[in-house]
Amino acid sequence: MAPIPTPPAQPDDTTGAYVGLAAEAAERRARARGWSTVRSLPPGAIITMEYRAGRINFEVDDAVVTRCWVG
């Protein structure tokens, strides 16, 4: 049987710090802090609820981050 993979450590980051930033600045900051996947979504977007280590999600309205969460 194959071993269970160990997910990579996530960056030590505060999601609330991204709220209110311009979307482009938030993405640059997230990548600089080590997030492997940065996803920007419009308000009310239908998405899967699967958890992915190393991913940070931004809800972006009018080019500004209004919500941020990991996974």
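**Figure 1. Pro11 in the segment before α1.** Pro11 lies in the segment before α1. With a relative accessible area of 18%, Pro11 is buried (buried means under 20% relative accessible area, exposed over 50%, and partly exposed in between, with a 1.4 Å probe and protein chains only). Its C-alpha lies 7.4 Å from that of Gly54, although Pro11 and Gly54 are 43 residues apart in sequence. The model is predicted: local features need pLDDT of at least 70, side-chain atom pairs count only at pLDDT 80 or more, and totals for chains, interfaces and linings use all residues. Residues are numbered from 1 along each chain as its sequence is written, and side-chain values use heavy atoms, with hydrogens and water left out.

**Figure 2. The chain as a whole.** The chain has 1 helix and 3 strands, which run α-β-β-β from the N terminus on. Helices (H or I, at least four residues) and strands (E, at least two) are DSSP runs, numbered from the N terminus. The C-alpha atoms fill a box of roughly 50 × 25 × 15 Å, taken along the principal axes. Of the 71 residues, 28% count as buried.

**Figure 3. Salt bridge between Arg33 and Asp13.** The structure holds 2 salt bridges (a side-chain nitrogen of Lys or Arg within 4 Å of a carboxyl oxygen of Asp or Glu). In this one, the side chains of Arg33 and Asp13 meet at 3.4 Å, N to O. Arg33 lies in the loop between α1 (23-32) and β1, and Asp13 in the segment before α1, so the pair ties together parts that are 20 residues apart in sequence. Asp13 counts as buried at 18% relative accessibility, whereas Arg33 counts as partly exposed at 43%.

**Figure 4. Salt bridge between Arg31 and Glu27.** The closest N and O atoms of Arg31 and Glu27 are 3.3 Å apart. Both residues belong to helix α1, where they are 4 residues apart and thus separated by about one helical turn. Arg31 is partly exposed at 42% relative accessibility, and Glu27 is partly exposed with a relative accessible area of 30%.

Figure 5. Arg29 lies over the face of Tyr18, at 5.0 Å from the ring centre (NZ of Lys or CZ of Arg within 6 Å of the ring centre and within 35 degrees of the ring normal).

**Figure 6. The largest pocket.** A pocket is an open set of points on a 1 Å grid over the protein atoms alone, where a 1.4 Å probe fits, with protein on both sides within 12 Å along at least five of seven lines; lining residues have an atom within 4 Å of a point. The largest pocket is lined by 15 residues, and Ile47, Thr48, Met49, Arg67 and Trp69 lie nearest its centre. The elements giving two or more residues to this lining are β1 (37-41), β2 (55-61) and β3 (64-70). Arg67 lies over the face of Trp69, at 4.0 Å from the ring centre.
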